[in-house]
Amino acid sequence: MFRNYVKTAFRSLTKNKAFTAINILGLALGLATCLLIVLYVADELSYDRYNTKADRIYRVNEDLKLGNNNALYAVCMPPLAQTLKNDFPEVQDAVRLKQAGGFHVKKGNESILEYGTVFADPSLFNVFTLPMIYGNPATALKDPNSVVLTERTAKKYFNTTNVVGRILKVNDGQLLNITGVIKDIPKQSHFNFDFFVSMSSWADSKLNQWLRSDYNTYVLFKKGADHQAFEKKLPAFLNKYSSGEMQANLHLTMDAFEKSGSYFRLNLTPLLDIHLHSNRDGELSHNGTVQYVYIFSAIAIFILLIACVNFMNLSTARSSNRAREVGVRKVLGSSRKYLIAQFLTESVLVTLAAASVAFIAAIILLPVFNHLSGKELVINAQTLTWLIPVLLAIIIVVGCLAGSYPAFFLSAFQPIGVLNGKIASGFKGGRLRSLLVVFQFSISIFLIIGTIVIYNQLNYIQTKNLGYNRDQVLVIDKAFELGSHAKTFKQQVKQLPGVVNATLTGYLPTSQMRSTTIFFGDATADQKKSIFPQSWNVDEDYLSTLGMKITAGRNFSNQMPTDSTGLIINETAAKFLGFKDPLNKILYRNTDGNRDHGKRYHIIGVVKDFNFSSLRENISPVVLLLNEDTGYLSVKVSASNIPALIARIKRKWESFTPIHFEYSFMDQDFDAAYRSEQRTGTIFLIFTVLAIIIACLGLFGLAAYAAEQRTKEIGIRKVLGASVALIAGTLSKDFIKLVLISIAVSTPIAWYLMNKWLQDFAYRITIQWWVLVLAGFAALSIAIVTVSFQSIKAALANPVKSLRSE
C-alpha cells in the first residue's frame, strides 16, 4: 500500500512540474535557512558543555554599590577560593584564574607576543575537563615557574607535543618549566588560553586582601549540593572575612555599610550561563547574548512557517484540478483515510526533496555564513550524529504540517458535488488561504522594519559624536616594551612630518584596559560623598591628541608641578559629586587604609563626557590623573600618504627594539567593538530577503492558479471590450487587499518589538514614521510586481483559445 502511495504521489508531482518546482524551491530556501540557524544556535548553546562536571561548576561574582556608584565584577578577592573550600563542606574544589596580559615567548631569535596566557591554581584540572596528553595533572601547576601548554602551542614552538621537561623562555629571560601538555580547548569555551602558568609564580596571589578584586574564581560543588542554600550563606561569610578591612578603610561595619544604602555582595553564575547571560567587568572573553539566540531562532521558525504556508496555499488553490480525481477515487471505494495518507505522502516527498536540496545548499553556503556570523561552524561526523535526526524530524513535522490542511481539505470533497462541477475554484472563497497570505506578508513586513531599524541604529553608532575624535589616530601597541625609551620614542614620532600630536597611555576609549578607584568628597571617607570612577593615568597630550573638549578649567601641564595631584573629571563625575563648580575642589583617595591620611587631589578641569564603553550603557564617571603609563602610543596624523608615515614610525620603533611593530587605527578598533551588531544587521538583512523571496514564490504560484481558474472569465471580459489594465487590476486587487491587511497587522507589532530591542541601548534612535511607511510601500511594491506578471500575462492571452471549447 505504501509503495502505491509513493508511486501515485510521484506521478502527481511530475505531472504538475511548475507547482512541484515552486514548492520544492520555497521549502528548500526555508529549510536551508533553518539548518544554518540551527547550527548557529546549537553552537551558542554548547559553550562549556565539554566539561563533564559542568552542572556542578559555578563562578563566584562580586557586586558593589558605593553611594550612587554600581559595579558588577566577574572577579573576586585573592583568598576567596581556598577559604570557600576550607569553610564549606559542600565545596569539592575551587580554582582561580588571572589573566596574565601577554607574554613574549622566544622562538629562536624571534620574540612572539602571546595574549592567551593566564595564571591558574593547581586545582584547575580537578574542576575543568582539560585532558592532559603529557604530564601529571595533579602536580603540573604546583611549583612556581611551571607552565602547561595546549597541543597546538607545543607544536608551534617545538614541532612536537612531547615537550614535558623542556624550558620556555619568556619576557626578559624568565624561564618556565613545561610540566604538561593538554588537548586544545574547544572553541565553545568562555575561556580559551594556550599558556597556563602556575599561580604560585604570581606573588600577589598570596595576598590576604578582601577588598581587592583580581581573580576569576570557580567552585565545584559535591554531587547533591544545594547551590542556592550555599549562596544564602555568603553574606555572613563575607562579613566574617572582610569586616576588618571594611572598618579600616571606611570605619564602618558591614551592617552599617548596607544600612547606608551601599552593599558588597557575592553571588554565583552557573558555568553554562556565562557565555550567554553574563556581561560583567573582568570577563575572560567577549561573551555572546541570549537575545540574538532568541531572535535568530524566531527568524528560523518564521521563515519555515512561510515556506509551509506556501505549500498549503498552492495545494488548496489547485484543489479544483484534483477535485475530479478525489471524486472518482471515492466512487471507486477509496476511504477518506486513504486519501489523507495519499496527500500526506505527496507532502512528505516534496519536503524530502526540499530537505535534500537544503542540506546541499547549507553545506555550500556554510563558509559564507561563517564569515557573516564570525563563527567557525562545521558539518562533520560529530555534527551529523545530531543533525540528521533533527533534519528527519523537521522533514516529518514540516511534511505533515504543510500537507495536513490540503489533505483534510481535499479528502472532504463529496463525490456527487465534485462530479457535477460544483466545487468552488480559483482564489476567491479560500478564507484560510487568505489568512495564510496575510500571515506570510506580516512576517515579511516585520522583518523589513526590523532590518531598517537595525541599520539605522548601527549608522547612529557609527556617526554619533562620542566626545572624542577617533579618525586618523594610529594606535601603536606594546609601547611598554620600550621601557625608559618610550617617552623618547614619543618625542621623536611627534617631530615627524604629518604627525599632529601623540600620547602615551594604555587607557583609551577603544581599549580594554580599565581601572577603578574610590575617591571621597571629604577626609572623613563619607560614602555618601564618594565616587567610584574609572581612573585613568594619562599624559599632558592625551586630550588634545584625542580631540576631547575641556568644558571648565584647564588641561594638564608638565610645567605645573602641582598637577601631579591634579585631576580632570568628566561631566558625569561632576554630577555624581554634586559640585556646581568642581574646580579646585579636593578629593581624597584612600591609599593606605587611613581615612585621615588619604592622598589629596584637586580638580583642575572638567572634560566633556565621552563614550568609552558600549553605547548600550550610560557614560559613567571618569577621573584622569597625570601619571606615567606606556600601554599604547596613540598618534594623531594628518598626512595624505599615511602608509609612508607608518613606515617612518616603524623605522623609529625598530631603532629602539627588535619587538615586532604592531599597530591599528582607532576607528577600526571602535568598529570591532560593535562587530556583533554589524553582523546581526547583515544576517537580518539576508534573512529578510529570503523571507520575501519565499513569500513571493507562494504569491506568484497563487496568482498563476487564480489566473488559470478565471481563464474563461478573462476571455469574456476581453470580448466585451475590457482593457488589459482593467483585467490585470481585477486579478490583482484581491492580493493587494491582503498585503494591505498585512501592513496594518504587522506594523504596530514591529514598532513595539523593535522599540523593546532599542531599549538595550542607552544611546539610541527613535523609530520614525517613514520607516513604517517605507516597509509597507516596499512590501506592497514587491507584491504588485509579483502578481502583475501573472495578471498581465493572463490579460494578454488570446480570448479565442479560452472560449473555443464553449
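**Aromatic pairs in a predicted model**

Okay, let's start in helix 7 (residues 234–250), where Phe237 and Tyr241 both sit, four residues apart, about one turn of the helix. Helices here are DSSP runs of H or I with at least four residues, strands are E runs of at least two, and both are numbered from the N terminus. This is a predicted model, so local features need pLDDT of at least 70 and side-chain atom pairs pLDDT 80 or more, while totals for chains, interfaces and linings use all residues. Residues are numbered from 1 along each chain as its sequence is written, and side-chain values use heavy atoms, with hydrogens and water left out.

Now, the pairs. The whole structure has 28 aromatic pairs; Phe, Tyr and Trp rings (the six-membered one for Trp) pair if their centres lie within 6.5 Å, and planes under 30 degrees apart are stacked, over 60 edge-to-face, the rest tilted. Take Tyr157 and Phe195: they're edge-to-face, 6.2 Å centre to centre, with 70° between the planes. Tyr157 is in helix 5 (residues 151–158) and Phe195 in strand 11 (residues 195–198), so this pair ties together parts 38 residues apart in sequence. Tyr157 is buried at 9% relative accessible area, and so is Phe195, at 1%. Buried means under 20%, exposed over 50%, partly exposed in between, with a 1.4 Å probe and protein chains only.

Phe237 is buried at 5%, but Tyr241 is partly exposed at 26%. Both belong to a cluster linked by ring pairs, including Trp210 and Phe230.
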